[in-house]
Amino acid sequence: MDYIQPVYEFKDKIFHIHFKDIKIRKDKLAECGVMAYPLDFMQPKIPGLGDIDWGLLCRRLRIPGMTYLRVLKWRTGLLRAAGRK
């Protein structure tokens, strides 16, 4: 999925952004296909530990005249699953 193109396509409509990350399990995706339940081939991750290129995304969000609210959701359950407290 291209997560950069919508930044340009919807730049006049973006006013609030939630940062989330996922890891796509390509082996599972090949096995079950894209029409499967998303968690069958995706694994939620703490931002920075998944497949999103955060540097690229944040650079693309720096569009002149664009103002918006950024929100980072932090789920402690993901930290416990990663072996951290």
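**Close-up views of a predicted model**

Residues are numbered from 1 along each chain as its sequence is written, and side-chain values use heavy atoms, with hydrogens and water left out.

**View 1. The fold of the protein chain.** The protein chain has 4 helices and 4 strands. These are DSSP runs, numbered from the N terminus: helices are H or I with at least four residues, strands are E with at least two. From the N terminus on, the order is α-β-β-α-β-α-β-α. Take the contacts (heavy atoms within 4.5 Å) with a separation of 6 or more: 71% of them join residues 24 or more positions apart.

**View 2. The surface.** Of the 85 residues, 20% are buried. Buried means under 20% relative accessible area, exposed means over 50%, and partly exposed lies in between (1.4 Å probe, protein chains only).

View 3. A disulfide is a covalent bond between the sulfur atoms of two cysteines. C32 is partly exposed, at 33% relative accessible area. C58 is also partly exposed, at 31%.

View 4. Side chains of opposite charge can pair when their charged atoms come close. A salt bridge here is a side-chain nitrogen of Lys or Arg within 4 Å of a carboxyl oxygen of Asp or Glu. The count comes to 2. In one of them, D51 pairs with K23, and the closest N and O atoms are 3.2 Å apart. D51 lies in the loop between β3 (42-45) and α3 (54-60), and K23 lies in strand β2 (residues 21-24), so the pair ties together parts that are 28 residues apart in sequence. D51 is partly exposed, with a relative accessible area of 37%. K23 is partly exposed too, at 34%.

**View 5. The salt bridge of R25 with D27.** R25 forms a salt bridge with D27. Their closest N and O atoms are 3.3 Å apart. R25 is partly exposed, at 34% relative accessibility. D27 is partly exposed, with a relative accessible area of 47%.

Notes
This is a predicted model: local features need pLDDT of at least 70, side-chain atom pairs count only at pLDDT 80 or more; totals for chains, interfaces and linings use all residues.
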